[in-house]
Amino acid sequence: MSKILVLHGPNLNLLGIREPDMYGSETLVGINGQLKGKITAAGHEFEAFQSNAEHELVDKVQSARGNTAFIIINPGAFTHTSVALRDALTGVSIPFIEVHLSNIFKREEFRRHSYFTDVAEGSIVGLGSLGYSLAVEAALQHLSKKV
Ligand code: DQA
């Protein structure tokens with residue numbers, strides 16, 4: 001049994017309310033519930049954490065060292081700004097997948113660069129909440145190859 005940590009960055013607590021045409025109508029609680037179902041059904045442990053504060057996300061990644069096998073992260077706006085969060089992820093050497101509900105490459109110029117894509121196992125963009133489920137599937141496959 002391994003732990004999969006799902007991290008949500010700033011403003012993702014507003015899912016369901018925030019720009020539903022862009023980010024969909026599902027809430028964060030709803031999305032986490034679905035992911036928990038898939039992960040626990042596969043015999044693994046699920047943890048989710050959302051924060052609007054960069055340092056809290058950095059602290060969470062650091063505390064995952066030694067107890068977490070895989071991270072799924074939507075860094076929200078920190079995608080485009082946070083060297084600190086990128087450094088935390090590379091620093092703990094935990095494989096991770098980057099997820100974005102919207103297609104960041106189809107939007108404003110400033111969203112087209114991610115500090116995470118080149119150090120992630122993979123990135124999923126533009127598929128709404130399905131992206132998280134696909135990331136869980138990939139994480140489970142990754143874990144099954146490890147044991
Ligand atoms: C986002 C895309 C980011 O550019 C934005 O700041 C978000 C959400 C997405 O899931 O599409 O907060 O990460």
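This is a predicted model: local features need pLDDT of at least 70, side-chain atom pairs count only at pLDDT 80 or more; totals for chains, interfaces and linings use all residues.
The ligand is surrounded by residues from several parts of the sequence, namely Arg18, Tyr23, Asn74, Gly76, Ala77, His80, His100, Leu101, Ser102, Ile104 and Arg111. Sorted by class, this shell comprises four nonpolar, five polar and two charged residues.

In the case of Asn74, a side-chain N or O atom lies 2.8 Å from a ligand oxygen. For His80, the corresponding distance between a side-chain N or O atom and an oxygen atom of the ligand is 2.7 Å. His100 likewise places an N or O atom of its side chain 2.8 Å from an oxygen atom of the ligand. On its own, the ligand has 320 Å² of accessible area, of which the protein covers 99%.

Helix packing was examined for H2 and H5. Helix H2 spans residues 28-41 and helix H5 spans residues 130-146. The two helices pack with their axes 10 Å apart, at an angle of about 25 degrees. Because angles under 35 degrees count as roughly parallel, H2 is described as roughly parallel to H5. The crossing of H2 past H5 is right-handed.

Key
Residues are numbered from 1 along each chain as its sequence is written. Side-chain values use heavy atoms; hydrogens and water are left out. A residue is near a molecule or strand if one of its heavy atoms lies within 4 Å of it. A polar contact is a pair of N or O atoms within 3.5 Å; within protein, one must be able to donate a hydrogen and the other to accept it, and residues adjacent in sequence count only if both atoms are side-chain atoms. Accessible areas come from the Shrake-Rupley method with a 1.4 Å probe; for residues, only the protein chains shown count as cover. Ala, Val, Leu, Ile, Met, Phe, Trp, Tyr, Cys and Pro count as nonpolar, Asp, Glu, Lys and Arg as charged, and the others, Gly among them, as polar. Axes are lines fitted to C-alpha atoms, for helices over the stretch in contact, and angles run from 0 to 180 degrees between N-to-C directions. Helices (H or I, at least four residues) and strands (E, at least two) are DSSP runs, numbered from the N terminus. Angles under 35 degrees count as roughly parallel, over 145 as roughly antiparallel, 65 to 115 as roughly perpendicular and the rest as oblique. A crossing is left-handed if the near helix is turned anticlockwise from the far one by less than a right angle, and right-handed if clockwise.
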